[in-house]
Amino acid sequence: MTGEVAVLGAGMHPWGKWGRGFVEYGTRAARDALADAGLDWRAVQSVVGADTVRGGYPGYVAGAAFAKALGWQGARVTSVYAACASGAQAIGTARAQILAGLAEVALVVGADAAPKGFFAPAGGDRPDDPDWLRFRVLGATNPAYFGLYARRRMALYGDTVEDFAQVKVKNSAAGAVNPYARYRKRVSAREVAASAVVADPLRLLDICATSDGAAALVLSSMDFARRHGAADPVRIRAVATATPHYPRTVLDLPDIATDSAAAVPEPATAFRASIARGAYEEAGIGPEDLSLAEVYDLSTALELEWYEDLGLCAAGEGARLLREGTTALGGRLPVNTSGGLASFGEAVPAQAIAQVCELTWQLRGQAGARQVPGARVGVTANQGLFGHGSAVVAVR
């Protein structure tokens with residue numbers, strides 16, 4: 001049995017701060033994906049929803065919330081939560097159901113209505129929750145974590161604040177021509193430098209916002225796609241969902257401790273690099289085969305880190321790749337052609353699905369002014385709290 005499933009439809013609700021409920025956003029994205037696939041809602045046999053934990057009761061049963069909003073028709077439902085990697089795990093769940101023969105057509109939906117400002121911990125005292133601990137004990141907000149990563153790159157590799165600013169410049173140019181992006185304005189390096197310092201050395205325009213938004217995909221078996229008349233669809237060939245190894249010599253919050261490196265050998269591949277490696281191995285490709293990548297740019301410095309974790313260059317060479325223009329639109333290997341989180345902001349359950357929507361449009365040749373010529377293979381990379389790593393490989 002092949003490990004591939006077809007992407008028949010992709011849909012999104014534009015991202016911003018709209019002041020409405022996440023179910024409304026997700027329903028709009030789902031209907032757009034169904035229209036793109038040329039399918040009636042009743043053809044869907046499985047709905048997999050990526051959960052939001054801020055939307056009240058429906059957020060914890062997102063699959064059923066979307067199925068109800070679209071109209072009960074008997075489909076199997078599943079709800080998935082993996083923090084920022086929820087969308088990729090929802091895709092992986094739908095793919096597994098299709099490959100297992102439990103459904104021929106699956107709808108994957110993620111949507112969020114995010115609070116204003118940076119994310120804060122949920123209320124109450126939870127001393128066994130590492131996310132609560134890093135806020136309350138360390139005072140390590142998300143921007144503080146991003147700033148620490150940036151400082152590490154500066155100390156180890158000589159990256160500069162000017163390098164970080166150029167990531168924003170690059171991604172804003174792509175977002176400016178993406179109709180779904182929240183921020184559709186080109187930003188200059190001077191504007192980045194003039195924005196307020198949030199977590200030194202990062203400024204406001206180095207860090208992604210929180211947003212409302214939604215994304216959806218219609219996936220099917222290859223047999224169904226052929227019967228439906230899709231002779232050459234975009235195909236998902238691999239979904240990696242990795243967890244870390246101990247010892248973790250480079251910590252990713254919310255973890256604030258690790259076991260002793262003196263007692264256990266350091267793993268051959270660090271956590272973030274293992275995410276992409278698992279996807280490459282499953283898909284039978286390597287970084288040299290890629291046409292483009294969508295990565296999780298919570299901050300400008302973190303995007304540079306992903307270049308290295310994806311194997312696009314050696315450790316410490318991410319800034320060089322950026323300076324050469326390799327990862328910009330028109331470059332040899334564009335990264336974040338959608339505009340990335342820099343242009344969208346975080347709508348947590350939707351963002352990994354949105355990454356695959358972008359790959360789908362690129363591989364179909366439907367990305368308009370941000371189109372990568374001749375795109376054939378794309379990869380996404382995403383990371384959620386508590387050791388959720390994910391990557392998706394799509395091909396055509």
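Helices (H or I, at least four residues) and strands (E, at least two) are DSSP runs, numbered from the N terminus.

## Basis

This is a predicted model, in which local features need pLDDT of at least 70, side-chain atom pairs count only at pLDDT 80 or more, and totals for chains, interfaces and linings use all residues. Residues are numbered from 1 along each chain as its sequence is written, and side-chain values use heavy atoms, with hydrogens and water left out.

## The annotated C-terminal region

UniProt lists residues 269-392 as "domain: Thiolase C-terminal", in an unreviewed entry. UniProt positions follow the numbering used here, feature names are shortened, and annotations may be inferred rather than shown by experiment. Helix makes up 39% of the chain over residues 269-392, and strand 14%. The end C-alpha atoms of this stretch are 19 Å apart.

Ser274 sits in helix 9 (residues 271-283). Its relative accessible area is 14%, so Ser274 is buried. Buried means under 20% relative accessible area, exposed over 50%, and partly exposed in between (1.4 Å probe, protein chains only). Leaving aside residues up to four places away in sequence, Ser274 touches Ala242 and Thr269. Contact here means heavy atoms within 4.5 Å.

## Helix 6

Helix 6 (residues 161-175) has 15 residues. From first C-alpha to last it reaches 21 Å, close to the 21 Å expected at 1.5 Å a residue. The expected span is 1.5 Å times one less than the number of residues.

Helix 6 is largely enclosed by the rest of the structure, because 11 of its 15 residues are buried. Among them are Asp163, Lys168 and Lys170, along with Phe164 and Val167. The cover over the buried residues of helix 6 includes helix 5 (142-157), helix 7 (189-194) and strand 6 (202-203). It also includes helix 10 (300-309), helix 11 (318-323) and helix 12.

## Cavities

The structure holds five cavities of 30 Å³ or more. A cavity is a set of points, on a 1 Å grid over the protein atoms alone, where a 1.4 Å probe fits but cannot get out; lining residues have an atom within 4 Å of a point. Grid points are joined across faces, edges and corners, and a volume is the space filled by probe spheres set on the points.

The largest cavity holds about 150 Å³ of space. Its lining has 18 residues, and the closest to its centre are Glu294, Ser338, Gln351, Ala354 and Gln355. Strand 1 (5-16), strand 9 (292-295), helix 12 (340-344) and helix 13 (351-364) each give two or more residues to this lining. Helix 13 provides the largest share, five residues. The lining divides into eight nonpolar, seven polar and three charged residues. Ala, Val, Leu, Ile, Met, Phe, Trp, Tyr, Cys and Pro count as nonpolar, Asp, Glu, Lys and Arg as charged, and the others, Gly among them, as polar.

## Backbone exceptions

Most residues other than glycine have a negative phi, and most peptide bonds are trans. The bond from Asp200 to Pro201 is cis, with omega near 10 degrees. Pro201 is in the loop between strand 5 (197-199) and strand 6. Tyr246 and Pro247 are also joined by a cis peptide bond, with omega about -5 degrees. Pro247 lies in the loop between strand 8 (234-242) and helix 9.

Ala83 has a positive phi, near 55 degrees. Ala83 belongs to the loop between strand 3 (76-80) and helix 3 (86-99), and is buried at 4% relative accessibility. Asn336 has a positive phi of about 60 degrees. Asn336 lies between helix 11 and helix 12, in a loop, and is buried at 1% relative accessibility.

Conventions. 1 Å grid on protein atoms, 1.4 Å probe; cavity = no way out; pocket = protein on both sides within 12 Å on 5 of 7 lines; lining within 4 Å.
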